[in-house]
Amino acid sequence: MRKKLFQILIVFIISICINFFLPRLIPGDPITASLLSRTTSGQVVTDMDKTIAMYKSKYGLDKPLIVQFKNYVSDLATLDLGTSLADPPQTVSSKIMASLPWTVGLLLFSTLISFTLGSLLGAAHGWGKAKRLTSPLMGLFSILSSVPGFLLGFVFVAIFSQKLGLLPAAGGFSPTLNFGWTKTAVLDILKHSIAPAMCIIFSTAGFWAIQMRSMTITVKQEDYVKFAESKGLSESRIFFKYGLRNAMLPQITNLGLAISSVISGSVLIESFFNYPGLGGLLKTSVFNQDYFVVQGIVLFLIISVTFVLLIIELLNPLLDPTLKVNS
Amino acid sequence: MKKLTASFYIGLALFFLLIIFTYVTRLFYDTSLVDIGSKMPYLPPGADAALGTDSFGRDMLASILVGTPSTFQIGLIGGTIGLLIGATLGLISGYFGGKIDTIVRTISDSLITIPSIAILLVAALNIEHLTRFSLATIIAGLSWMYPARTIRAQVLSLKNKDFIKICRANGQGELDILFRDVMPNLLPYLASTYVLSVFTTMIATVGLESLGLGVDGDYSLGTILYWSTRKAAVVTGTWWWYTPPILVLTVIFLSLLLMSIGLDKVVRPSDSAKV
Amino acid sequence: MNTETIVKISNVSVEYETQKRNIRAVNDVSFELVAGQRLGIVGESGSGKTTLGTAICGLTKFPARVISGSVQIGSVDLLALNPSEKRLSMLREIAFIPQAAMNSLNPSMRIEDQFLDALSRGTKKSSRSHFNELIESRILQVGLDLSLLKRHPHELSGGQKQRLVIAISTIISPKLIVADEPTSALDVIIQRQVLKSLSDVQKINNSAVILIGHDIGLLAQFVDTLAIMYAGKIVEFGSLESLLTNPKHPYTKKLIASVPSVLKHEVLIGIPGLPPSLSDLPTGCSFEPRCTEKISKCSQSRPELISVTDRSVACWLHNAETPPGQSSAEARSN
């Protein structure tokens, strides 16, 4: 386990470095370009030269690389990610923090459902139960998981929002909503999260199902399943306690491996729905050419992946009794 | 060589049919209709425009014909580069082991956890002039890890097989063994990871384009989708704007998925349980 | 020893379905056991002994199929039961201890839960404390420590796991225990412990035991009755003593002779040739191609298992049908 934690740390460090060096290695000055295009699109930027100079000195772009890197790291440590170019004086970190709860809520909720449903489907299919039901479902979800989630968004909104008028087309909440723990507020938020959640679930469940299926096939042939049968245990008991339980264990690790693509996909889905999480923030910031916010989001995505990997690494020994190392 | 299943051939056929359709139809159809204002905007599919027009007056059929090649090119180029880098690194790291293996493995395992969208955003924002080739290369830089892992695992298992030991005992040079004896056994895995590579490249490309950050000046399938969301096509009921690109993309991804399934049966025959 | 027949195997045949044709792995096997009797089934790989063991326990699975016969345990014909009745009779009437039992324990379940598993099926509301008492007494019976109950399988050694499997499968005191090579993956000292555990659990209910193996020397230390199996049929069946001191079937003779002596320096004797392919059995006696005592009749028709004085044997040399002058004639009975 220590090895894994060390690896996660390495990932983190490498990511931070890439995030720092990549923009600087590429010729071109994004800040100037961003401010320039802002002027041409009609936004007023007072004292262009002074602003550019201020940014440059703040970010020490005129200083040697080592000093820049030092500043970068210390800024990170204090979560100072800069000020928003589009909405000064809001800071990047405040904007990100505001959008974070939405993403965490949506992602957690959707991934949990997707993982559970997908795994159960895959396990049932691999075990051989109810083939008439599981085969077409497996086929459906496999196909769906090969298509990027936000494409499903088009279909969803077209049908459920336009044709049927059941769900809102975009956003995380109604514009006229009063926030608070009222029933209307909670229902409103839930209603807005159904479509994006469905997109995430349908586009990722297939992946879990496929993984679980092959694990279940392997487990089914194990000796302990045969012994369970010779003990005269009921089919459902064998399926749940001997099959599913043992097939599930490596799945948690798979969750860790897949997390980066799950996050990538959900960012795009949120973006499509203008959901006020990181994805929605990303969309508006790209549109506004708010360079620093986008950079901040990038950094945050990387950090969140690392964070999730850490949690999984810590959670795994608790869930998997075979990992308890006896010294 | 084990036999390839029908799934693979169907997928391959679909893929090529789409390519042929795109390139052949271009000969008959006027692709300049993709320009803004070439027809009346918001025309539903019908007599005036086979697939309708968008809010800029662009003909949808022309848009598809112009947009699809871009996705194909980036996908195939990116997939090829990714496979070349990944397979080579996997081959070397698996065969020679030792320090090289440790370094390659650490880098690969670390990079695999970085969400691709993050790096793509950094690249898209900072590179002033993004070309198809440069985008493909960047994506390849993010997707080489999967081929590397797969090939490495295969090489490791082959390395210790008896027939390789016999080659060595016969005095064959290491590089010679690598290319003449190990490589041919990797072909099904190379094919399988190539398909996967192309697949992930295309997904990443479309994702980036849907945010409006695609290749400069390119009007690709993802870009069409981007503009359709910009102009709220779903809300205004302009379904003919986003449906053609989604259909084309679905066909592409489906064909790649079928190919991948077909190759998977060759690569992992034990996985197919009796249905 | 109780002389009431408790196990009656009658004309059991098992076939494997393959693409070309069906292979008969067990061919018309019959025998009877009384309570407390210990039978050892000996044979080379491919003789059908494991298939027979599985069939006796009602655990035959695709692609194998029991095509005829009955397995009578007490008053129950195991093979005639429907699936849910069969499940209930598992562990009650019969217990199966598989080969390499170390892998037979669920890696993610605690040992005590794997005991409770076996106890609570069918019987819903027996008291937990009653179960605990039973479990504890059994664990101690097989010579293991109570602390093992809270552990997981990967924390235990091979020998411990094997004995646990024995304890779990016999917890409801079945009438028949079938053990398939229970010691093959273990070292000699552990082997002895395992056999002792098997013996201890047998005594609890005076169960009959069938021990399947290929090592006649090992089996001889435990069983009182021996059945020699070759190419799907039992070729000799009788008390351990009579077979060891006076083997009649040429195969039996060769098997016993092949056990190396610790005391003398001898040339190791093997049995020349290979066991026949079950899909391509010779007409006549299956052992005939390798037999050194064969007569002309042996290649013409297959001898049946017939009772002679103190045992049963399937060999033309010991068959009353064989004309005198070719073998010592023995009175035929039954």
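A: A kink of about 35° is found at I194(A) in α8(A), shortly before the proline P196(A); the bend at a residue is the angle between axes fitted to the seven residues ending there and the seven starting there. Helix α8 of chain A covers residues 183-220, which makes 38 residues. Its end C-alpha atoms are only 47 Å apart, whereas a straight helix would reach 56 Å at 1.5 Å a residue. That expected span is 1.5 Å times one less than the number of residues in the helix. Helices (H or I, at least four residues) and strands (E, at least two) are DSSP runs, numbered from the N terminus.

The model is predicted, so that local features need pLDDT of at least 70 and side-chain atom pairs count only at pLDDT 80 or more, while totals for chains, interfaces and linings use all residues. Residues are numbered from 1 along each chain as its sequence is written, and chains are lettered from A and ligands numbered from 1 in the order in which they are written. The model scores ipTM 0.83 and pTM 0.80.

Of the 327 residues in chain A, 41% are buried, that is, they have 20 or more other C-beta atoms within 10 Å of their own, with C-beta atoms placed from the backbone. Two residues are in contact if their C-beta atoms, placed from the backbone, lie within 7 Å. Among contacts in chain A between residues at least 6 apart in sequence, 69% join residues at least 24 apart.

Beyond chain A, two pairs of chains are in contact, and chains A and B share the most contacts. Their contact takes 42 residues from chain A and 37 residues from chain B. On the side of chain B that touches chain A, the elements giving two or more residues are α3 (98-112), α4 (116-126), α8 (174-210) and α10 (239-267) of chain B. The largest share, eight residues, comes from α10(B). The residues of this side of chain B divide into 23 nonpolar, 11 polar and three charged; Ala, Val, Leu, Ile, Met, Phe, Trp, Tyr, Cys and Pro count as nonpolar, Asp, Glu, Lys and Arg as charged, and the others, Gly among them, as polar. No contact joins chain B and chain C, whose closest C-alpha atoms lie 12 Å apart.

Conventions
A residue is buried if 20 or more other C-beta atoms lie within 10 Å of its own, exposed if 12 or fewer, and partly exposed in between; C-beta atoms are placed from the backbone.
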